[in-house]
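Subject: Structure handover

Hello,

Here is the structure I promised to pass on. Please open it and keep it beside this email as you read.

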Amino acid sequence: MGAAGSKLEKALGDQFPEDERYFGLENFGNTCYCNSVLQALYFCVPFREQLLEYYSNNKNTVDAEENLLTCLADLFSQISSQKKKTGVIAPKRFVQRLKKQNELFRSYMHQDAHEFLNFLLNELVDILEKEAKSTKSEQETSPFKKAANGPSVETNVPQKEPLVTWVHKNFQGILTNETRCLQCETVTARDETFFDLSLDIEQNSSITSCLKNFSSTETLNAEDKFFCDKCSSLQEAQKRMKIKKPPQILVIHLKRFKYMEQLGRYKKLSYRVVFPLELKLTETVEDNDREYSLFAVVVHVGSGPNHGHYVSLVKSHNHWLFFDDENVEMIDESAVQTFFGSAQEYSSNTDHGYILFYESLGNNNKT
């Protein structure tokens, strides 16, 4: 970072806690999609703290198998334990492991940051679940328990509850898919979990209006009629999606890449979509008025889906910073709105907010 690094260190001054670190990440040839998401996750404080706790609990395990979780924990530990406040770190081990794990990320072609985030969170959950199962099976090698001075008796094996890891606790929310039969008024509800919400976008709109559209009522008729169990036949129905349980960290993915049949390819939508610094979930959420605060944005830079660049903006201790691979600089809060998108179809501004990270204001996040 050189002169830029010392300039940042000077800018940080005493406005930030002594133990906070701001490190750029080296790019290994089109790995900006990875770097931008890693910066957003590093500044997701509860996630970072739990990952560092995981690292300290497992670092002395001699026969520990290397996986994406251990590589990520190692990287976050490297950043947080640096003597200097700023600098550059090469996430080489993590990127190598990622490429080994998933062939999608092996090429040097432009990758999608949202696909990477999705893959990473699901992979971390899989690893934590496997570790929890193996610990449990070591503790209970058999469902049979030896009775004192008597034969083996089978204990009551409780119904398995789905394992809730610290990744779930941070990112998982629950959606309810409600379908109301217009003939008998019976409501059928189906719950599903999510780590992020993918929202369709429109020109000159806002996150609030995108969320309203997401949970708007849709009528199922003609060829799309719903099979009602109570009526035992296909009926017209109304369907809507609501957030039953909002997550602690709400991740919103804006669907900026749309397949255009007339073009025979994907096109980037550079629409202006306003994302507020404070977000209220009201109409979208079932019996819950949750408030959120924006703390990170992954930005796609470029005019198309198959090329371009990713950068990220993060909020740390009430200040905003801009991360572009190795480069880190402080920015003014007002600069965030330059990433809303373009009000005109053709614009020289190609830097658009793509993934938004909001923390619940009920959280003890110190950002």
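Below are notes on a helix pair, a salt bridge, a pocket and a cavity.

First, the ground rules. This is a predicted model, where local features need pLDDT of at least 70, side-chain atom pairs count only at pLDDT 80 or more, and totals for chains, interfaces and linings use all residues. Residues are numbered from 1 along each chain as its sequence is written, and side-chain values use heavy atoms, with hydrogens and water left out.

**The helix pair**

Start with α3 (residues 45–58) and α4 (residues 68–80). Helices here are DSSP runs of H or I with at least four residues, strands are runs of E with at least two, and both are numbered from the N terminus. The two axes come within 9 Å and cross at roughly 105°. Axes are lines fitted to C-alpha atoms, for helices over the stretch in contact, and angles run from 0 to 180 degrees between N-to-C directions. α3 and α4 are therefore roughly perpendicular (65 to 115 degrees).

Contact means heavy atoms within 4.5 Å. From α3, the residues in contact include F47, L51 and Y54. From α4, they include L69, L72 and F76. The contact divides into nine nonpolar, three polar and two charged residues. Ala, Val, Leu, Ile, Met, Phe, Trp, Tyr, Cys and Pro count as nonpolar, Asp, Glu, Lys and Arg as charged, and the others, Gly among them, as polar.

**A salt bridge**

The whole structure has eight salt bridges (a side-chain nitrogen of Lys or Arg within 4 Å of a carboxyl oxygen of Asp or Glu). One of them joins R93 to E66, with the closest N and O atoms 2.9 Å apart. R93 sits in α5 (residues 92–101), and E66 in the loop between α3 and α4, 27 residues apart.

**Pocket and cavity**

On a 1 Å grid over the protein atoms alone, a cavity is a set of points where a 1.4 Å probe fits but cannot get out; a pocket is an open set with protein on both sides within 12 Å along at least five of seven lines; lining residues have an atom within 4 Å of a point.

The second largest pocket has 21 lining residues. Y54, E65, N67, T70 and E131 lie nearest its centre. α6 (113–139) is among the contributing elements and gives the most, five residues. The lining has five nonpolar, five polar and 11 charged residues.

The largest cavity is lined by residues including L25, N35, Y310 and D325. α2 (32–42) and β19 (309–316) each supply at least two lining residues.

Best wishes

Definitions and conventions:
Angles under 35 degrees count as roughly parallel, over 145 as roughly antiparallel, 65 to 115 as roughly perpendicular and the rest as oblique.
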